[in-house]
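Have the model open while you read.

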Amino acid sequence: KPLLNPIGTQNGTQSLSWAQQWYENVQTRFQRSKDFPPLFEKIDRYFKRYNPVEEATIEGIINLAKNSPLLHDRMPGTFLDSVKSEITGILTDIRIKHDKSDEWIIYQNEISASSKGEAGVDGKSDQKGEAPQLENFQQKIRPLSDLYAKLEGSEMTRDTVQKAWHTRGQQKMIIIASLVDKAPNLAGLSRTCEIFNLECLVVGDLRVRNQQVYKSIAVSADKWVNMKEVRPRALPDYIQKLRQQGYRILALEQAARSQKLEEFTFPEKIAVLLGKEREGVPAELLNMVDECIEIPQLGMIRSLNVHVSGSLLIWEYTRQRLLAQESVELVEATANRKRKLEQS
C-alpha cells in the first residue's frame, strides 16, 4: 500500500514517501545521464515493433536472440545453445542420409541463391540483386556458456566455477611483469592475459590488486587469471627455474640482436620478460634471456607503452597458436578422409 500511495501525511501536511523520493532520485539520475537517452530510445523503438504472438514461438525466440541488440545478453545461453546443437544435429543427419538426393540438391541450391541475393525473403527475385542487409549491432561473447554446460548437474558456486575455469586448457605463456610498477599498466596486462587465457601473470607485488585504479581497469580480470608475486631481485633465480622447466625465455626489448615480431616463430612454451617503464630490461637480465623481440615502429617516438607492447606480442603468439591448431586439425581431417577411402 505505501508503494501505491506515494504521497503521505506527516504532521498534518503532505510529504513525499520514501518510494516517491526514490523514484524521483532515479528519474533525476537518468535525466542527467548522457547514456540514458539513447538507451531509452532503443528500448522504446524495440517495444513499438514488438509482436508477442510471433516472438513467443521457438522461431521468434531464436530470431530475438540473433537480431535484438537490446535483449541478446538477457537470453538464456544454455537454452539457445541446446536448440542450436539439436538443429545442427538434425540437419547433419539429413545431409548424411540425403546428400545425393535430388530434393537435397534443390534445397542447397535455393539456400545458396538466397545468400547471394538472387531471391528475396518471399522467394521472388530482388530488384537490386542484393541480399537484404541486416542491422548491425554489438553482440558480446558469453565465455561461461560452455563451462556451465560442463558443470550441469553439479553444485555451481563461485569457487567451483573459478576452479573449473582455472583448470581448463591454457596457453603455455607466462608474462613476467615484475619490473612494471604502474597500476594502470599492470591492470591492462591482467586483462589481456585473462582474455587470451595465458598460464600466468607475474607481478612484483600482488597488493597492486587492492588499488582502485587497478580495479577500474582490470574489471575483475585478476579473479580469473593466475597471478604470482616475484620481486625484481628474485627474477634471476625465477628465470632460471623456468628454463629448467622447459620454457623458452624471451624479452620484449629493442636490442642489438633482437628479432622483429612479425618474423619470429614462437615456440609453444614461453616466458616473456617485460621491462620497466622508460628504462626497459636491465642489462643483467637481458643477458639471461634466449631471444629478444622488438615491435617495428614507423613514428618518431622510440617505444610503445609497456602494456600495449605486451598485448601486441600476446596477440601475435595467440595468432600463431591458432594457425598451428588449424593446421593440426586439417592434417587430422585429411588423414581421416584417407582412411575412410581406403576402407571403402
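What follows covers a helix and its surroundings, then the aromatic rings.

This is a predicted model, where local features need pLDDT of at least 70, side-chain atom pairs count only at pLDDT 80 or more, and totals for chains, interfaces and linings use all residues. Residues are numbered from 1 along each chain as its sequence is written, and side-chain values use heavy atoms, with hydrogens and water left out.

Start with helix H11, residues 235–244 (helices are DSSP runs of H or I, at least four residues, and strands are E runs of at least two, numbered from the N terminus). Leu235, Tyr238, Ile239 and Leu242 are buried here (buried means under 20% relative accessible area, exposed over 50%, partly exposed in between, with a 1.4 Å probe and protein chains only). Down the axis of H11, the buried residues fall within an arc of 100 degrees, so they line one face of the helix (the arc is that of the directions from the helix axis to the C-beta atoms). Asp237, Lys241 and Gln244 are exposed on the face turned away from that buried side.

Now the rings: the whole structure has 3 aromatic pairs (Phe, Tyr and Trp rings, the six-membered one for Trp, with centres within 6.5 Å; planes under 30 degrees apart are stacked, over 60 edge-to-face, the rest tilted). Here are two pairs.

| Pair | Centres | Planes | Type |
|---|---|---|---|
| phenylalanine 196 and tryptophan 315 | 5.9 Å | 45 degrees | tilted |
| phenylalanine 266 and tyrosine 317 | 5.8 Å | 90 degrees | edge-to-face |
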